[in-house]
Amino acid sequence: LETLARWLDAFPKEERETRPWLLLYDGVIHRVGRDWDKALSLYNLAAGIFRGQGEQSGLARTLWYASQVLAYRRNQRLATLFASEALTYLKPSESRARAWILHTMGNSYFDLGQSDDALKCHEEALGLFVSLGDWGGQLMEHQTTAWTLQRLGRLKEAQMHYVRALDQQA
């Protein structure tokens, strides 16, 4: 992260303010540093430029990262809206990004008490991680799905996901 920060600092300020990817990565640095207002401000600037350029992949990533910050700030409703919009800009080939965005949305829905919506997001994300052969993603989604199912009182199904998660760790 320090290397990225030094690399970004090497660009003149005028240059950084006109290049959306630089703004996005600067936002990541601020997000990780928990300077969430600054991160959201940078994401907003990047999103505006990406929209103007018609750059959908960058816009999707920017909206997703902003949704994470909004979730950290306990604004899950807006986080789900940003994540949902991010999904509309992804290409079909961007299934890994789709899985991660669905994971983010599922967590926000869970925090809102919308367990059924959370479960749908996590199950779809799990399916994508399975199709990608992403064991880490599958493990995470099995755990999250189990937790959601447990909250819904569907204990047998929750147990099945917990066992699958344990099997993947072995």
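How far apart are Trp21 and Tyr25 in helix 3? They are four residues apart in helix 3 (residues 20–32), a separation of about one helical turn. Here is some background before the views. This is a predicted model, in which local features need pLDDT of at least 70 and side-chain atom pairs count only at pLDDT 80 or more, while totals for chains, interfaces and linings use all residues. Residues are numbered from 1 along each chain as its sequence is written, and side-chain values use heavy atoms, with hydrogens and water left out.

**View 1. Confidence along the chain.** The chain has an average pLDDT of 91 (the predictor's confidence in each residue, from 0 to 100), and 99% of the residues score at least 70. Confidence is lowest in helix 1 (residues 2–9), with a mean of 77, and highest in helix 6 (residues 76–88), at 96. Helices here are DSSP runs of H or I with at least four residues, numbered from the N terminus.

**View 2. Trp21 and Tyr25 form a tilted pair.** Seven aromatic pairs turn up in a search of the whole structure. Rings of Phe, Tyr and Trp (its six-membered ring) pair if their centres lie within 6.5 Å; planes under 30 degrees apart count as stacked, over 60 as edge-to-face and the rest as tilted. The ring centres of Trp21 and Tyr25 are 6.1 Å apart with planes at 35°, so this pair is tilted. Trp21 is partly exposed at 32% relative accessibility (buried means under 20% relative accessible area, exposed over 50%, partly exposed in between, with a 1.4 Å probe and protein chains only). Tyr25 is partly exposed too, at 32%. Ring pairs join Trp21, Tyr25 and Phe50 into a cluster.

**View 3. Trp100 meets Phe129 edge-to-face.** With centres 5.4 Å apart and planes at 75°, the rings of Trp100 and Phe129 make an edge-to-face pair. Trp100 belongs to helix 7 (residues 95–111) and Phe129 to helix 8 (residues 115–132), so the pair ties together parts 29 residues apart in sequence. Trp100 is partly exposed, at 30%, whereas Phe129 is buried, at 0%.

**View 4. Two arginines sit over rings.** Arg31 lies over the face of Tyr65, 4.8 Å from the ring centre. The charged end of Arg151 is over the ring of Phe110, 4.4 Å from its centre. To count, NZ of Lys or CZ of Arg must be within 6 Å of the ring centre and within 35 degrees of the ring normal.

Conventions:
Helices (H or I, at least four residues) and strands (E, at least two) are DSSP runs, numbered from the N terminus.
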